[in-house]
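Dear colleague,

I am passing on the structure we spoke about, together with some notes on what was found in it. Please have the sequence and the model open side by side as you read.

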2 protein chains.
Amino acid sequence: MTDRKEFRDLAPPERAREAIDSLDLDPDPETVPLTDASGRVLAERIDAGLDVPGFDRASLDGYALRARDTFGADEADPARLGIVGAVHAGEEPDVEVGEGEAVEISTGAVMPPGADAMVMVEKTDEENDEVLVRTSVAPGDSVMLAGADVAAGERALGPGTRLTPREIGLLSALGVDEVPVRGTPRVGIISTGDELVRPGNGLHSERGQIYDVNSYTAASAVEEAGGEAVTYPHAGDDYGEMARLLTTAAEECDLVLSSGSTSASAVDVIYDVIEERGELLLHGVAVKPGKPMLIGRMSEGDDASAYVGLPGYPVSALTIFRTFVAPAIREAAGLPEPRTATVTGTMARRERYAEGRLRYMPVGLVTDADGETLVYPVDKGSGATTSLVEADGVVAVDPDTDYLAEGESVAVELFSPDVRPPSLFGVGEDDPLLSRLLDRLRNPRYLAVGSRQGLRRLRDGTPDVAVTAGPVEREVEAEPLGEWRREWGLVVPDGNPEAVVGLADLVDRDLRFVNRTTDSGLRTSLGNAAADLAEERGVDRREVVDAVDGFDLAVRAHESPARKVRAGQADAGLGLRATAETLGLGFVPLGDQRTVVHANPDRVGKERVADLAAALSDAGDLAAGLPGYDA
Amino acid sequence: MTDRKEFRDLAPPERAREAIDSLDLDPDPETVPLTDASGRVLAERIDAGLDVPGFDRASLDGYALRARDTFGADEADPARLGIVGAVHAGEEPDVEVGEGEAVEISTGAVMPPGADAMVMVEKTDEENDEVLVRTSVAPGDSVMLAGADVAAGERALGPGTRLTPREIGLLSALGVDEVPVRGTPRVGIISTGDELVRPGNGLHSERGQIYDVNSYTAASAVEEAGGEAVTYPHAGDDYGEMARLLTTAAEECDLVLSSGSTSASAVDVIYDVIEERGELLLHGVAVKPGKPMLIGRMSEGDDASAYVGLPGYPVSALTIFRTFVAPAIREAAGLPEPRTATVTGTMARRERYAEGRLRYMPVGLVTDADGETLVYPVDKGSGATTSLVEADGVVAVDPDTDYLAEGESVAVELFSPDVRPPSLFGVGEDDPLLSRLLDRLRNPRYLAVGSRQGLRRLRDGTPDVAVTAGPVEREVEAEPLGEWRREWGLVVPDGNPEAVVGLADLVDRDLRFVNRTTDSGLRTSLGNAAADLAEERGVDRREVVDAVDGFDLAVRAHESPARKVRAGQADAGLGLRATAETLGLGFVPLGDQRTVVHANPDRVGKERVADLAAALSDAGDLAAGLPGYDA
């Protein structure tokens, strides 16, 4: 094996924070047009450069006059003033108000010289060239004096102010059209790993290629934290090119991120560049999942660039980013910690731990009927990307915590401030009609774990609903919300070239078959069909299934067997008529399955479960165009 | 007067909501690159187009082998297998694993044919060309099967999903590089009003011009709600041009906004265009401040555009926008109501109401020493733009609510989700050193209401601190946090052309003077100086001040008298040496003032008040370069 750098002395998390705090990510301030300033942060104080309003301003429609001319006036005995002119908003007065005179004036207009107050039109009547004022007014009435709103020289907004619509409004009132704001930290993202391919390019699975996930997750998270993500081209396995890219990124950015390469040589290149240009500050943090984390400086002085290496697994990378990197980017951008980044909930069940180091445990959230947030661990391990969307955030579990009790209150650090707990949490069979049903709900979460697993989880009490297809082997207390029927059988190549008629062909002939996993309701129905065939033939069930080439070749998802048939890797696969027709394949029907949506009895009162039940009453509609469906 | 459309039959707020709901703001969906998709909302369901991983994948570094070759192996009796090759990540295996054979394999690499499991390197030793396996493994161990993470055909993300970093990660894993997202509603903003000028252009105050505030506030609020703001050129007083712009905006946008014009003719033009192209749905809503609100449709069918007319006062416009328009834009963009848009607090004092219609009362927020949020009404009236930044949001007060009691719990609808209540709330004298002090705090709010008003408000209990300058006439229970001295006197033109020596010159000579309002501590000191002069001369104080031309010409802000001197409108103004020097003017000293920061005794324990006290210990530093300051 290649010699690997080992992470034996893990730094405590506080040291990682100190190391990151010691880095300089601060960008230079910049000036942006007012129209682009929303959401930015003021770099310096703004004092008012002018009075607002810049003139004594009429607050209403009415008449400008001398207050003392109205003294004693009332409804019965109005003051009678001669109208000597008019001023509208946006006009310079061309008339002066003398004793016993008035000038018609519009809201926002400049008070004419000589006038010291105004009366609103509703308290007056016009008669020929005179106005009858039916109230007495005091000097200054209904006039906003110049500078009364903001006076020139006043402190208007302080440095560090986040510019929301209201601050934008004040700046426009002051005539500010260019705003000095804090710069946006530039964060370079370097993709390492020979096997990574950028989305949009073809993938050679036979060579072990996978799409690059962490670069895109990181870029999105950088932008969410207030940084500007700069994605560098993928260097592939050219280490010279990687060194060149790292150097360029260090020169162009305030921070450079990469995520754990599976390739030891790539890590060596990163080490070399950091050590040549700056220094490695920290190497491995005593948090799960922080073992492969790197913190360093890639250059010195004014053009300093920081470097952070994230773990390779997507959930781990996002966890470390959220915990250590995002706060540093926000700080550099001058943005506060988002208020929505943490929610409180109670553990849905007991969870044991004895990690011996701080652990950020990925968790999912679900709301119970009372609106209380329940928290459950999500640990798919093995770097599954689906963990990204099945977990909502992490709970920090102390090294000395042995277990979290059911009902214990925990703080969940959401992966993003914009993460919303799902409105509905379902588990169970994968099904095309169900997919359409879920499309009608806002923000549901559904894990296609199969009928059997679904019921098991429903019994454990975490999900709101479980969906089963076919015979249900175990009794679980649940409320049926709705159901439909679907036709299942064998998916075969288009035109059914092998003229498969039924299960017996798989048993008796040399045909390659692809099955589903035992969690699937389809598999249960197929097992029953095999048992029936065995009984018919008077043999043991095992004898029948052993005779099927591929009965144990079980794949997880509902389209997978059909896709293997389409790819020419099998002669028949277990599946639905709907799938066969969607993929342009042939179909040999073996039966019909009831597909049932079961509600967790504790959640029947939950609003979104009621929404689901309502949507289910439309199942007939949802079945339209789905071959082999009946609802 | 011009005949004005009157708003006699105000629609109930529910009808306004219905009218807005009946409008079609929905933009067409669009396709964006994955790198631009963060924060967007999926327009349609994304099913997985491929298996992830696309091959059976090694989860660890180690050896791929046949599980049955390791059965029975342990530390003491390892299995011994011949190493026949190696597979690294990103490589196609060029070797098959036979009985008794193993292949070196890296994390993420493709499992070679023949192998059905792997053993991690830590459980092995290499000896020449053989590997000693010191544990037994089961088939499938440490292998992630093709499609185990995501299987082709599975429902990956539903329509309406907001794309945060984690969803971006899943999409990249699926190789999706172009994402179908909901379109961004285009919102056209029309500026009406002859008196409005765009920031960046010169302002003719003598003609009553003011800078356009609502267009910028609205544009920023539109973007915050998830829309794209399109600002149209200002039509000024050319009504033909305004009609043309409205028509263009209706054709180009999903929604057109304008805000209450003070000009009746402008309103007529809007009416004409709406009625020619569509229909007016609603005219005036029974909420304060919704009286001038207009809702209409500017065209029919597919190219429908909605129209909403907002009130003219900035806080009113933002309130109506937030209440009625923002939800419609968010809905059209597919975005959820932000969780941070509402906070709960308790009324800081009793507030009477008998409005008879629903009122959105502008309020400010302040936190007490226990972290509890207190809510106080902000009502500057007269369309003050400073209300924009002095209020944090609104409280909806029912028509039948007579009063809100002190301590009553209220829900505050923040003007923006990003609005943060100030960390510190101060009131009192305006002062240049204080401005520098405030610059050192994060997100303070300071209202320069003068020393006298400041103390009054501190006594009422709402602010955290009050700042006074000069003699304090009233006793208020308060904790002094710190103080400095500042030199005050008469600001005169540069070079002191009138050779002013002191107050007596203003009394005895024909000089134009500008004073400060009676709330100002400077005014109190000047009043005392006038009393001293009167006593010296053995006359009544009133006689002295009446002899000063302009003693009653009082302006609100600390630089205002000096600015009038600089503009040639006065021969002397009340002010500070620091102001005179900043503005390049002359200065005649009259005395020194103690400027004191007083803390509300209930807030001494508040963290930000302690921060202020700490910052005050640096007052000497803050005074550096401020002429006439001593701290």
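What rotation, and how much shift along its axis, superposes chain B on chain A? The rotation is 180 degrees with 0.0 Å of shift, and the RMSD is 0.3 Å, where the copies are superposed by least squares on the C-alpha atoms of residues with pLDDT of at least 70 in both. That is the relation of a two-fold axis. Among the residues of chain B, B:Thr340 comes closest to this axis, its C-alpha lying at 3.4 Å.

Before the details, please note that this is a predicted model, in which local features need pLDDT of at least 70 and side-chain atom pairs count only at pLDDT 80 or more, whereas totals for chains, interfaces and linings use all residues. Residues are numbered from 1 along each chain as its sequence is written, and chains are lettered from A and ligands numbered from 1 in the order in which they are written.

The contact between the chains takes 106 residues from chain B and 106 residues from chain A, two residues being in contact if their C-beta atoms, placed from the backbone, lie within 7 Å. On the side of chain B that touches chain A, helix 2 of chain B gives the largest share, eight residues; helices here are DSSP runs of H or I with at least four residues, and strands are runs of E with at least two, numbered from the N terminus. Because 100% of the interface residues of chain B are also interface residues in chain A, the copies meet through the same surface.

Chain A itself has 16 helices and 37 strands. Its C-alpha trace spans about 120 × 70 × 50 Å along the principal axes, and its radius of gyration is 36 Å, while a compact globule of 631 residues would have one near 25 Å (taken over C-alpha atoms, the globule rule being 2.2 Å times the number of residues to the power 0.38).

Of the 631 residues of chain A, 55% count as buried, that is, with 20 or more other C-beta atoms, placed from the backbone, within 10 Å of their own. Leaving aside neighbours within four places in sequence, A:Val363 is in contact with residues including A:Val375, A:Val395 and A:Val412.

With best regards

Definitions and conventions
A residue is buried if 20 or more other C-beta atoms lie within 10 Å of its own, exposed if 12 or fewer, and partly exposed in between; C-beta atoms are placed from the backbone.
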